[in-house]
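Reader: I've never read a protein model before. Could you walk me through one, feature by feature?

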Amino acid sequence: MILAVTGGRDTGPGDAVRVRGSAGASVSLCKRCGTDTPRYKSRACVPCARAASSARNKIWRRTPKGVIVAARYRAKWVARPGNKELHKKLTAAWGATTEGTARRLFTRARRRARDGALPFSISLDDIRAKVIAGICEVSGLPFVIGQPGHIYTPSIDQIRAGEGYTQQNTRVVLWGINVACHTWGLEAITEIFRSVP
Ligand SMILES: [Zn+2]
């Protein structure tokens, strides 16, 4: 009995639209992105199907049951030998990237806004652009990224403390400047430093 003919069953003449690729993937247009990436029987290509699946998973992990199951998986993963150290290493490496830094700044500001019931209307794109630009908006000094606790670490500052994280009231400055300004504001601090001989 002949099991396979060279090229497979979908590669005969006049069958150019659907071609059997490796691992059973067929080539035709993806219903989501429209490119002719190899795809399986579903309507979306592999990258699109993966993106959709991870989006569904993300939503599920926020449901009451999903939270419990995800925490259990995480605990199991951390309990395996060496993974605690690995997690620390991965987190540090992520924090050392501009993307990781921007996202951490953004989510922490959002949490502070939520905790303090402050307005919050900045977007991740704004913060990312400013972190990538790499320059403190007050001093013009370059940021230092990937060294936790460094005085030149970028940080999100409310120009007027307590008025929230809006486009007009927010700037990305050196952490040192942010700490020095506290709730007194830049003017008060500048006045003090001008008086230092
Ligand atoms: Zn696609």
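This is a predicted model: local features need pLDDT of at least 70, side-chain atom pairs count only at pLDDT 80 or more; totals for chains, interfaces and linings use all residues.

Reader: Which residue in E5 is the bridge partner of aspartate 157?

Author: That's arginine 171. Now zoom out to whole strands: E4 covers residues 154-158, E5 covers residues 170-174, and the two pair in the antiparallel sense over 5 bridges.

Reader: Are these strands mostly covered or mostly open?

Author: Mostly covered. In E4, 4 of the 5 residues are buried, and E5 likewise has 4 of its 5 residues buried.

Reader: How many helices and strands does the protein have, and in what order do they run?

Author: There are 7 helices and 5 strands. Starting at the N terminus, you'd read β-β-β-α-α-α-α-α-β-β-α-α.

Reader: Okay, helices next. How far apart are the end C-alpha atoms of helix H3?

Author: They're 18 Å apart. H3 (residues 83-95) has 13 residues, and at 1.5 Å a residue they should span 18 Å, so the two agree. Helix H4 (residues 98-115) has 18 residues and reaches 26 Å from first C-alpha to last, close to the 26 Å expected.

Reader: Which residues of H4 are buried?

Author: Thr101, Ala102, Leu105, Phe106 and Ala109. Down the axis of H4, the buried residues fall within an arc of 130 degrees, so they line one face of the helix. Here's the idea behind that pattern: an α-helix has 3.6 residues a turn, so residues three or four places apart point the same way.

Reader: And which exposed residues sit on the face of H4 turned away from its buried side?

Author: Glu99, Thr107, Arg108, Arg111, Arg114 and Asp115. As for what covers the buried residues of H4, the list includes H3, helix H5 (124-133) and E4.

Reader: Does H3 lie largely in the open or under cover?

Author: In the open: of its 13 residues, the number buried is 0, so H3 is largely uncovered.

Reader: What about the largest nonpolar core? How many residues does it have?

Author: It has 16 residues, and those with the most contacts inside it are Leu105, Ile127 and Ile156. The elements giving two or more residues are H4, H5, E5 and helix H6 (175-181). H4 supplies the largest share, 4 residues.

Reader: Which residues are in contact with isoleucine 127, leaving aside its neighbours within four places in sequence?

Author: Ala102, Leu105, Phe106, Ile122, Ile156 and Val172.

Reader: Nice, back where we started! How much of the whole protein counts as buried?

Author: Of its 197 residues, 13%. One more for your notes: alanine 117, following H4, has a positive phi, near 50 degrees.

How values were computed:
Residues are numbered from 1 along each chain as its sequence is written. A residue is buried if 20 or more other C-beta atoms lie within 10 Å of its own, exposed if 12 or fewer, and partly exposed in between; C-beta atoms are placed from the backbone. Two strands pair if DSSP finds at least two bridges between them. The expected span of a helix is 1.5 Å times one less than its number of residues. The arc is that of the directions from the helix axis to the C-beta atoms. Two residues are in contact if their C-beta atoms, placed from the backbone, lie within 7 Å. A nonpolar core is a set of buried Ala, Val, Leu, Ile, Met, Phe, Trp, Tyr and Cys residues joined through C-beta atoms within 7 Å.
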